[in-house]
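Subject: Handover of a structure and its findings

Dear colleague,

Please find below the structure that I am handing over to you.

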Amino acid sequence: METQTGGGTVPDGLTVEVTQHTARMRGSDHSPPRCAALTGRLGERAACGIYDWRPSPCREFEAGSEACQRARVRHGLLPLMP
Ligand code: SF4
């Protein structure tokens, strides 16, 4: 697991244990979802509050990818131009 308790870097207080071996970011299952580590306002100025310690799915997520474009649409933002 990537939490600090599990030997990783992600602060425990920002996560919720899902199984013995997995956790998710707190707030990521809310409707609408909002990671507890996110600061600022989407579409204006937002940033990851734990950027250097973020979990691997966040490190692997590519800005401008299809998943990124879909996420933007879900949050009412225009797609990034190529
Ligand atoms: S990059 Fe940061 S704010 Fe975004 S989901 Fe990951 S931990 Fe949360």
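In what follows, a residue is near a molecule or strand if its C-beta atom, placed from the backbone, lies within 6 Å of it. By that criterion the ligand is surrounded by Met25, Cys35, Ala37, Leu38, Cys48, Ile50, Arg54 and Cys58. This shell divides into seven nonpolar residues, no polar ones and one charged. The classes are as follows: Ala, Val, Leu, Ile, Met, Phe, Trp, Tyr, Cys and Pro count as nonpolar, Asp, Glu, Lys and Arg as charged, and the others, Gly among them, as polar.

Basis of the model

This is a predicted model, in which local features need pLDDT of at least 70 and side-chain atom pairs count only at pLDDT 80 or more, while totals for chains, interfaces and linings use all residues. Residues are numbered from 1 along each chain as its sequence is written. The score pLDDT is the predictor's confidence in each residue, from 0 to 100. The chain averages a pLDDT of 94, and 100% of the residues score at least 70. Confidence is lowest in α2, at a mean of 93, and highest in β3, at 97.

Overall fold

The secondary structure comes to two helices and four strands, which follow the pattern β-β-β-β-α-α along the sequence. Here helices (H or I, at least four residues) and strands (E, at least two) are DSSP runs, numbered from the N terminus. The C-alpha trace spans about 40 × 25 × 20 Å along its principal axes. Of the 82 residues of the chain, 9% count as buried. A residue is buried if 20 or more other C-beta atoms lie within 10 Å of its own, exposed if 12 or fewer, and partly exposed in between, with C-beta atoms placed from the backbone. Two residues are in contact if their C-beta atoms, again placed from the backbone, lie within 7 Å. Among contacts between residues at least 6 apart in sequence, 17% join residues at least 24 apart.

Met25 lies in strand β2 and counts as buried because it has 21 C-beta neighbours inside 10 Å. Leaving aside residues up to four places away in sequence, Met25 touches Leu14, Thr15, Cys35, Ala36 and Ala37. Met25 and Glu66, 41 residues apart in sequence, are 22 Å apart in space, C-alpha to C-alpha.

Ala37 is placed in the loop between β2 (23–25) and β3 (38–41). Ala37 is buried, since 22 other C-beta atoms lie within 10 Å. Residues up to four places away again not counted, Ala37 touches Leu14, Met25, Cys48, Gly49 and Ile50. The C-alpha atoms of Ala37 and Val10 are separated by 9.9 Å, although these residues are 27 apart along the chain.

The loop between β2 and β3

Asp29 also has its place in the loop between β2 and β3. With 10 C-beta neighbours inside 10 Å, Asp29 counts as exposed. Its C-alpha atom is separated by 18 Å from that of Glu2, 27 residues apart along the chain. Pro32 is in this loop too, and a cis peptide bond, with omega about 0°, joins Ser31 and Pro32.

Strands β3 and β4 (residues 45–48) run antiparallel and are joined by four bridges. Two strands pair if DSSP finds at least two bridges between them. In β4, Ala47 is the bridge partner of Thr39, and Ala46 stands opposite Gly40. The hairpin has three residues between the strands, and Gly43 takes a positive phi near 85° there.

Helix α2

What number of the nine residues of helix α2 (residues 66–74) is buried? The number is zero, so the helix lies largely in the open. Arg74 is found in this helix and, with 10 C-beta neighbours inside 10 Å, counts as exposed. The C-alpha atoms of Arg74 and Thr39, 35 residues apart along the chain, are separated by 18 Å. Gly76, which follows α2, has a positive phi, near 75°.

Yours sincerely
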